[in-house]
Structure formats: structure tokens, C-alpha cells
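Here is a short note on the charged side chains. Please look at the structure first, then work through the points in order.

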Amino acid sequence: MSIGSFIKKQFIDILQWTEDTDGVLAWRYPMEDMEIQYGGSLTVRESQMAVFVNEGKIADVFGPGMYKLTTQTLPVLTYLKNWDKLFESPFKSDVYFFSTRLQIGRKWGTAQPITIRDADFGMVRLRAFGLYSYKIADPKLFYTEISGTRAEYTRDEVEEQLRNLLIATMTSTLGASSIPFLDMAANQTLMAQAIREKLVPEFARYGVALDNFAVTNVSLPEELQKAIDTRISMGMMGDMAKYTQYQVASSIPLAAQNEGGVAGLGAGLAAGAVMGQAMAGGLVGGVAGMPGAAGAPGIAPAAAAAGAVAAPADDPAARLGKLKELLDKGLISQVEFDSAKAEILKKLVG
């Protein structure tokens with residue numbers, strides 16, 4: 001080496017990384033035309049680790065702290081370079097810094113629906129979304145498996161790979177769980193724990209520690225969601241017979257407020273009368289079937305009276321009588337009575 005080239009060569013006294021760029025997980029210290037000064041200092045801050053790479057091989061790994069670079073602090077590098085303890089010349093080596101800060105609030109989601117077998121709905125296609133957090137735990141493994149010799153490796157680049165790993169693990173876990181979707185959606189915390197247990201060793205293969213994993217939403221296709229909503233509504237109705245009675249009772253005041261609505265009201269009242277007559281007829285039949293009912297005093301007149309109440313189901317006279325009773329009590333107007341009466345007579349005449 002000439003004296004001129006030696007003078008032009010620069011020596012590095014301090015190695016450090018200030019992480020002035022957000023989202024960078026691995027950063028290589030620029031070494032072009034520079035050598036590390038023997039006895040220089042290496043500063044590794046909290047939430048960082050540094051890796052020395054010599055001739056393509058990882059030589060030493062440093063955690064947080066300040067180190068004086070000598071043959072005592074670089075034993076492996078010394079071994080690779082065949083240095084003795086008296087060697088005190090500048091040396092060439094690649095130095096990589098890794099951020100071990102916790103990366104929180106990272107989002108994940110299924111770009112495409114996942115098809116799984118469901119106990120209630122058969123084959124369903126669901127989508128899921130959530131959050132997770134992670135950090136680099138083993139920079140040596142992260143370097144050899146992911147980042148390599150690149151000048152820097154960003155958070156977005158590693159998360160693309162992590163999300164693919166996450167979705168693949170999630171699909172296999174849900175597919176083998178046999179948990180119905182309705183139970184799955186109601187127990188998102190338990191589902192997240194099951195998936196996390198599968199993901200931890202998968203992340204560890206790349207030197208990454210999974211800190212937290214959460215499922216915030218599980219959804220189905222719109223058509224299947226509508227079917228579930230219908231089922232839920234039916235379950236909320238409970239007794240359908242009572243629900244129908246309630247609906248009819250609620251509609252009577254509304255019908256009375258509308259023009260011409262009393263005609264329908266009259267028809268409804270007539271139908272109610274028919275139902276009452278049918279019930280009375282059944283009661284009479286039951287009494288008549290009792291022992292001694294045919295000749296027992298007091299029973300025959302009651303049966304006769306009940307029989308007198310019975311009337312044909314479509315008796316126009318009975319329907320008109322009910323309407324006249326409503327008119328006399330002032331519950332309907334003369335116009336409404338005439339309208340209902342005209343409708344009944346029209347059906348009678350044909």
C-alpha cells in the first residue's frame with residue numbers, strides 16, 4: 001500500500017446507529033473505503049443489537065452497551081483473522097445493527113376469504129382481521145434467514161412475509177379446530193390464543209418473537225350474514241302464536257285510523273267471532289259427552305243456549321250484527337258502517 005493511499009484511507013473510531021429512519025429493522029454501517037480503528041468504540045443502545053460479519057460469516061454479536069474493540073472484545077473475529085494478542089492494526093469487517101424494539105399495533109387481515117368446514121352452515125367462507133406485535137429476538141437468525149447482506153431491511157418488507165405466514169397458520173388452525181362459526185365469533189379471544197400458540201414457533205424460526213396477537217373481527221359473506229340475522233330474529237320472537245296475537249292486537253288501532261280500514265276490521269272481527277263460535281261448539285261437544293249429560297237437569301238448557309250461539313262461519317247476518325253493534329256504541333261512523341255493509345252484501349250477491 002502506498003503512502004498516498006494509506007493517507008486517503010479513513011478509519012472509523014465510533015460505530016453506532018441512531019435509528020433516524022422509522023421502520024428500519026436492520027441497517028449496515030457504511031464501510032466503503034473505511035476500516036475500523038483498533039481500539040475504537042462500539043455503542044449499542046437499548047433496544048438494539050450489533051452483529052460483526054467477517055468474510056461472509058457471523059463473527060460476534062453484541063447486546064446493549066459500549067465496547068472497546070480489541071482482541072479481547074472480538075475473540076471470534078480474532079480467531080477468524082488468526083490474530084494474536086499483539087495485533088493492533090485497523091481491520092475490515094461488516095457491522096449490522098438490528099432494532100429490537102417492540103413493533104406494536106401492526107395490522108393483519110385476510111386478503112381473500114378463507115374457506116372452512118362449519119358444523120352449522122356446511123362450507124363457509126370467512127374473513128378475519130386483527131392486530132399483532134413482534135420484535136427481533138435473535139439478530140443472528142434474522143440475518144441468516146431474512147435480512148442478509150442488504151444495506152437496510154424495513155418493517156414493511158418483513159411484515160409481508162410474516163402476514164403470509166400468519167394467514168397460512170390461521171387457515172390450517174381454523175380448518176382443524178371444528179369450532180362452529182357462531183362459537184368462533186363469540187370467543188375471539190380463545191381463537192386468538194389458539195392461533196398464537198401455533199404462530200410463536202413459526203415466528204421463532206426467523207429470529208422474531210411474537211409478543212401479542214388479537215382477532216378483532218370475524219365476518220361472513222353478506223348472503224350468509226343475512227341468513228344468520230333472520231335466524232336470530234326468529235329466535236327473538238319466541239312463541240310464534242303469541243307473537244301473531246300481539247301483531248293483530250297492535251294493528252287494530254292503526255286500522256281504525258285509516259279510511260276504509262274498518263271494513264277490514266269488520267272482517268277481522270267476524271273471523272274472531274267464527275273462532276269463538278268454533279270454541280263454543282267444541283265446549284258443547286265436550287259437555288255432551290260427559291256421563292249423564294243427556295238427561296241431567298240444567299245441562300240441556302246450557303247446551304241448547306251454547307248451540308244457539310253457534311252460527312255458520314260465513315253468516316252475513318252475524319257479521320252485519322257485529323258491525324251494527326259497533327255503530328250503536330259509537331265505535332265506527334255511519335260512513336264506515338255503510339262501506340263495510342256494502343262489501344258484505346257484495347260478497348253475498350256475488
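Are Glu159 and Arg106 buried or exposed?

1. Both Glu159 and Arg106 are buried. Buried means under 20% relative accessible area, exposed means over 50%, and partly exposed lies in between (1.4 Å probe, protein chains only).

2. This is a predicted model: local features need pLDDT of at least 70, side-chain atom pairs count only at pLDDT 80 or more, and totals for chains, interfaces and linings use all residues. Residues are numbered from 1 along each chain as its sequence is written, and side-chain values use heavy atoms, leaving out hydrogens and water.

3. The whole structure holds eight salt bridges. A salt bridge here is a side-chain nitrogen of Lys or Arg within 4 Å of a carboxyl oxygen of Asp or Glu.

4. One of them joins Glu159 and Arg106, at 2.7 Å from N to O. The pair links distant parts of the chain: Glu159 is in helix α4 (residues 155-177), Arg106 is in strand β8 (residues 103-109), and they are 53 residues apart. Helices (H or I, at least four residues) and strands (E, at least two) are DSSP runs, numbered from the N terminus. Arg163 joins Arg106 and Glu159 in a network of salt bridges.

5. Arg150 pairs with Glu157 in a salt bridge, with the closest N and O atoms 2.4 Å apart. Arg150 is partly exposed at 40% relative accessible area. Glu157 is partly exposed too, at 27%.

6. Asp328 and Lys324 form a salt bridge, their closest N and O atoms 2.6 Å apart. Both lie in helix α11 (residues 316-328), four residues apart, about one turn of the helix. Asp328 is exposed at 54%, while Lys324 is partly exposed at 38%.
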